Amino acid sequence: PNLPEATLTALQDAAVALAKSVHYESAGTVEFVYDAQAQNFYFLEVNTRLQVEHGVTEEVYGVDLVRWMIEQAADDFTLPDTLTPQGAAVEVRVYAENPAENFAPCAGTLTAFAAGSDLRVDTWVEAGTAVSPYYDPMLAKFIATGATRDEALFSKLGIVKLHSAAL
């Protein structure tokens, strides 16, 4: 959120140029490291798959990336000529982990689960779900949108409530 506009444009141009140079035509993420002091960015990696944060992109651009990938695989997809971001989106993830135990998985039964109606909730749990320590401990993603980053952060995410009883 604090990048100079010229840097943001240069990052986007570099990501597009990299994808075009290898003829990449699917969802993916090009990651950079930004040195705020030097005001330079450096290539880090490419993830040629859908990322866990894809919901933020979907909310800001009003698209369905998963549907697009399925349509592309069926050879029935044309990328729109332009994509225009609208507002901001912020994602918060909820994990069944115990910070006092170096974030080890924390098994138990979820006794309550509620989120505000203004949030996008991507989850597999509900009240009463038994959470095992043997799988990825991510329980839910809450995605809030707003006209600005502050609106998404403070007016929407403040209404998330989650309770669990660890075994």
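In what order do the three strands of the open sheet lie, and is their pairing parallel or antiparallel? Select E3, E9 and E7: the strands follow one another in the order E3-E9-E7, and the pairing is antiparallel. The model on screen is a predicted one. Its chain has a mean pLDDT of 88, with 93% of the residues at 70 or more.

**The sheet**

Begin at the edges. E3 and strand E7 (120-123) are the edge strands, each of them pairing on one side only. From one strand to the next, the twist averages 15 degrees. To follow the pairing at the level of residues, pick Asp 122 and then its bridge partner in E9, Lys 141.

**Helix H2 and His 54**

Next, select His 54, which is placed in helix H2 (residues 54-61). Is His 54 buried or exposed? With a relative accessible area of 15%, His 54 counts as buried, because the cut-off for that class is under 20%. Display the residues around His 54: apart from neighbours within four places in sequence, the contacts are Leu 65, Val 66, Arg 120 and Lys 141.

**Helix H3 and its two ends**

Move to Val 66, one of the contacts of His 54. At the start of helix H3 (residues 65-73), a side-chain oxygen of Asp 64 comes to within 3.3 Å of the backbone nitrogen of Val 66. Then go past the other end of the helix: Asp 75 follows H3 and has a positive phi, near 60 degrees.

**The nonpolar core**

Select Val 90, Val 94, Ala 96, Leu 110, Leu 119, Val 125, Val 131, Leu 139, Ala 140, Phe 142, Ala 144 and Ala 152 together. These twelve residues form the largest nonpolar core. Two elements give two or more residues to this core, strand E3 (88-95) and strand E9 (138-146). Which of the elements provides the largest share? That element is E9, with four residues.

Finish with residues 159-167, where pLDDT stays under 50. For this stretch the model has 24 contacts beyond four places in sequence.

Conventions. Residues are numbered from 1 along each chain as its sequence is written. This is a predicted model: local features need pLDDT of at least 70, side-chain atom pairs count only at pLDDT 80 or more; totals for chains, interfaces and linings use all residues. Side-chain values use heavy atoms; hydrogens and water are left out. A nonpolar core is a set of buried Ala, Val, Leu, Ile, Met, Phe, Trp, Tyr and Cys residues joined through side-chain atoms within 4.5 Å. Buried means under 20% relative accessible area, exposed over 50%, partly exposed in between (1.4 Å probe, protein chains only). pLDDT is the predictor's confidence in each residue, from 0 to 100. Contact means heavy atoms within 4.5 Å. A polar contact is a pair of N or O atoms within 3.5 Å; within protein, one must be able to donate a hydrogen and the other to accept it, and residues adjacent in sequence count only if both atoms are side-chain atoms. Two strands pair if DSSP finds at least two bridges between them. Axes are lines fitted to C-alpha atoms, for helices over the stretch in contact, and angles run from 0 to 180 degrees between N-to-C directions.
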